[in-house]
Structures are given as C-alpha cells and as structure tokens.
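This report describes the fold of one protein chain, from its overall dimensions down to single residues. Please consult the sequence and the structure while reading.

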Amino acid sequence: GTASFTVTNAPPPPMITSVSPTSMPALNANQTLTINGNYFQNTPTLIFVPPEGGTIPSTAAKLTFVSSSQITYQFNNASDVGTWTVKVNNPDAQSSGMASFTVTNSITTTNRALGLDVSHIRGTIDWSKVKGASNTFAFIKSTEGTDFKDPNFTNNMQNAHSNGIFVGAYHFALPLENPGTNGAIAEAKYFLSNSLPYIISANLPPVLDIEDYPYGTNPNDPCVDATNSSGYSVDLVCELGQIALSVWVRAWVKEVEKDTGVKPIIYMTPNYARNMDSDLNAYPLWIAYYPSTPDTNPASLGPWANSWTFMQYAVTGTTVNGITNPPVDLDVFNGNLAALTTYVTGGAPVISNPKLTGTTFMLSVPTQIGFNYTLEYKNSFSDANWTAVQTISGTGGMIILTDTGATGLSRLYRVRVQR
C-alpha cells in the first residue's frame, strides 16, 4: 500500500517592526516596553543586549504575549544608560533581527545635573559617549596617599574637559598610613604636585575622599566592617575617633586651600559626616548616599544638617555608555545645569555703586565663598591688556574693590572671578 504525508511551509521567523517607547529614563520601576512586529508565537523569549554588552534573557512574569504582532514587557532598569537592543526568540527556535531603544540618565522631577566619578579601574573611557549619556560633570582620581598617581588621570581630565564635561580632581586619603597633621599635609602636597594645573576657575574644586581604609590586614580589628579585594575595610571613625579624624581632614583641606585659594570639597558617608567637627561645614559636602536616586534629599548630615553640594547615589550594578569596565559611580549636583555652571565659573558679577572720589575709584560686587574677585582696568578699548589692582576672596556677601591710583582722562574697569 501507499502512505501519504504533507509538506507545509515552515512558519516565518518573527520580525520586529518597531519598539515603543524608543527612549526611556533609567528608573528603578517597571516601564512598559511594547514590541510590534509579525509572526510572534505564544510563549516567546526576549533577549536584551545592554550598552556594555552581554545578553539578558527576559523574565517570564514580566512578558505578555498580546498577539502575533505585539509583545509587551515590564522593563526595569535603574542604571544601564545607553543604547539597548532586543530580539524575539519564538518557541520554534527562530529569532528576529535586533531592534534598539535608548535608556537615558534623565531626571524628570528635580532636573538636577548628573555626573559620575572614575579612576583608572574603569579603563580607557570614551568621553564623547559619556557626555552623550547626559553626564555634565566628572570627578577624576588623581592621587592616593603619598605614593600613587592614577595613570589615567591626565588623559581623563583632558578628554572629559574637551568633550564639554566639567571636571575636578580627587585624592583618596590614607590617614592610617600617614597619620596626624604632618601626614595630612604631606598627602595634600602630594595631591597638588599632580593636580595643581587642573585647579582653575573653569574646573570643579579639588576633592578630599575620606572613607574606610581598604588595606587592613587584621581581621580581628574591632573597626573592620567589611572585606574587599585589597584586604579588610577599616572604619576610620571607629579607628581614629572624631577628634583625630577631624584634625586630619582639617589639615588637608586647609593646606590645599592655602596653596590654591579654593575651598576643597569633602567626600564622605553620612556616618563620617556626623562624626566631623562643626567647623568643617565651611567646606562643601559631597555625600555618599547610596543606593538612592538623583531625586533623593539626604538629611541628618552632622554639621552640614540637610545641606549638600554633590551626592553619590549609585555604585553597584551601574553602567554608562562609553565606559567598558562597570560598575560606574553615579553622582548628582544639588541644582540644575545652570546652577552647576554658576558654581564652577562663579557667574558674571553684578557691579553696583561705582564711585570716583579724587583718584580713588571703588565699586561693590556680590560674592561667593571659594572665589576670588579681582578689580582690573585698562585706559582705553585699544589697550591689549588689563592691569590687576586688587584681589579679595569672596565672603558670601558684598565686598568693595578699590583702585587708589585712578588717574588720567578715563579708565575701563572690570571684575574677574576665579576660584
């Protein structure tokens, strides 16, 4: 006898025609991603490729098969900023092509300026891509202790700056290796030996990074609070106490301020902040407050109370387009981009009450702490150079700048602001 069989056309592979939305903010919350196309089969799998590479399969509970032309997925991503791609795998093992969408590092509520901090550990960075991921500033490691200079410091500073990112240098403190006032001053001078050319008015202030000592060797030390790849992490508040730790921090920031005229920023956790002497609140605070979000408002920060200038809000599970060695520390400025720009540059001073009495000319300007205000003149528009007359450090209030040698038929005056 004979037997029959039927040859049928194989089902076509799935095809993605669009992904919606094409851009979404990085949020620690579910956002619906809709994938439109053709030939989707029931119980498909999605394969995501994040900006840093690799693959992430979909979670069944978050995927909804709507029809052969539509799939929805509850996408939750708080930190992987950049271009993602996705494809559909049908149960019959056929796959679609890749479709892309973008996760942006944007804020919808506070509109605070976003940034990050890096060291050589992050490898070679493509700063144009970092800028494209909505980052406006970067703190870059310069030195550690008195014997380590970050090998990527200069390249990172120059390349970030050339891509329109505000940059600042930071120093990782090692008070247990260089104790007391002398040790702090030695570390400050070492930091300046590497960083001084970059402490200028167009850049962020220098930073003292004061945190747990990562190179502990005694697991029985009662101040050990964690282990890491370098050794045992030692809590400096526990090890040194408030007085000795504050003395060290004070010596470092005052030495840098004395040599540069700029008030350094202090980076620390809330526990460290709550164990600082009250006078140190004269220095801007960069608070390590993670995991949180850019919209968080840290509180109970010791002498700083609820006041902070920068916040580090994420350090784990984070990626940024242009940086191939995650995780990346993410930061936010306590203000929008316009406020950050004013913070960095000081803004154009508004001159008031100009007055000439005999050969004495004076004017008033509002000031900010951490900036120097210089009165300059030239005798005509055709003069190539301005001549400095007087420089006064900002007080946070009004100051009067004076030229006691105002002679000639006319003079042009301006006030130059520098950190």
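Two residues are in contact when heavy atoms of theirs lie within 4.5 Å. Among contacts in the chain between residues at least 6 apart in sequence, 63% join residues at least 24 apart. The model is predicted, so that local features need pLDDT of at least 70 and side-chain atom pairs count only at pLDDT 80 or more, while totals for chains, interfaces and linings use all residues. Residues are numbered from 1 along each chain as its sequence is written, and side-chain values use heavy atoms, with hydrogens and water left out.

## Overall form

The chain contains six helices and 28 strands; helices (H or I, at least four residues) and strands (E, at least two) are DSSP runs, numbered from the N terminus. Its radius of gyration is 28 Å, whereas a compact globule of 419 residues would have a value near 22 Å. That radius is taken over C-alpha atoms, and the globule rule is 2.2 Å times the number of residues to the power 0.38. Along the principal axes, the C-alpha atoms fill a box of roughly 125 × 65 × 35 Å.

Of the 419 residues in the chain, 47% are buried. Buried denotes under 20% relative accessible area, exposed over 50%, and partly exposed the range in between (1.4 Å probe, protein chains only). The accessible surface amounts to about 19,000 Å², and carbon and sulfur atoms account for 52% of it; such areas come from the Shrake-Rupley method with a 1.4 Å probe, and for residues only the protein chains shown count as cover.

The chain carries 20 positive and 28 negative side chains, and the centres of the two sets are 11 Å apart. Lys and Arg count as positive and Asp and Glu as negative, without His and the chain ends. Each charge is placed at NZ of Lys, CZ of Arg, CG of Asp or CD of Glu.

In helix α2 (residues 153-162), the buried residues are Phe-153, Asn-156, Met-157 and Ala-160. They lie on the same side of α2, because they cover an arc of only 95 degrees around the axis. This arc is that of the directions from the helix axis to the C-beta atoms. An α-helix has 3.6 residues a turn, so residues three or four places apart point the same way. The packing partners of the buried residues of α2 are β10 (114-118), α1 (127-132), β11 (137-144), β13 (166-172) and α3 (180-195). Just after α2, Gly-164 adopts a positive phi of about 80 degrees.

Helix α6 (residues 337-345) has Leu-340, Tyr-343 and Val-344 buried. These buried residues line one face of α6, since they fall within an arc of 95 degrees when seen down the axis. Their cover includes β11, β13, β18 (265-268), β20 and β22.

## Individual residues

Trp-252 belongs to helix α4 (residues 236-260) and is buried, with a relative accessible area of 0%. Its C-alpha atom is 5.5 Å from that of Ile-185, 67 residues apart along the chain. Not counting residues up to four places away in sequence, Trp-252 touches several residues, including His-171, Glu-187, Phe-191 and Pro-264.

Asn-194, in helix α3, is buried at 17% relative accessibility. Leaving aside neighbours within four places in sequence, Asn-194 is in contact with Ser-142, Thr-143, Lys-149 and Phe-153.

Ser-95 occupies the loop between β8 (80-89) and β9 (99-104) and is partly exposed, with a relative accessible area of 31%. The C-alpha atoms of Ser-95 and Met-15, 80 residues apart along the chain, are separated by 8.0 Å.

## Backbone geometry

Most residues other than glycine have a negative phi, and most peptide bonds are trans. The table lists departures from this pattern.

| Site | Backbone value |
|---|---|
| Tyr-290 to Pro-291 | cis peptide bond, omega near -5 degrees |
| Pro-326 to Pro-327 | cis peptide bond, omega about 5 degrees |
| Thr-43 | positive phi of about 55 degrees |
| Ser-300 | positive phi near 55 degrees |

Pro-291 is located in the loop between β19 (285-288) and β20 (310-314), and Ser-300 also lies in the loop between β19 and β20. Pro-327 is found in the loop between β21 (319-320) and β22 (329-333). Thr-43 lies in the loop between β3 (27-38) and β4 (45-49) and is exposed, with a relative accessible area of 57%.
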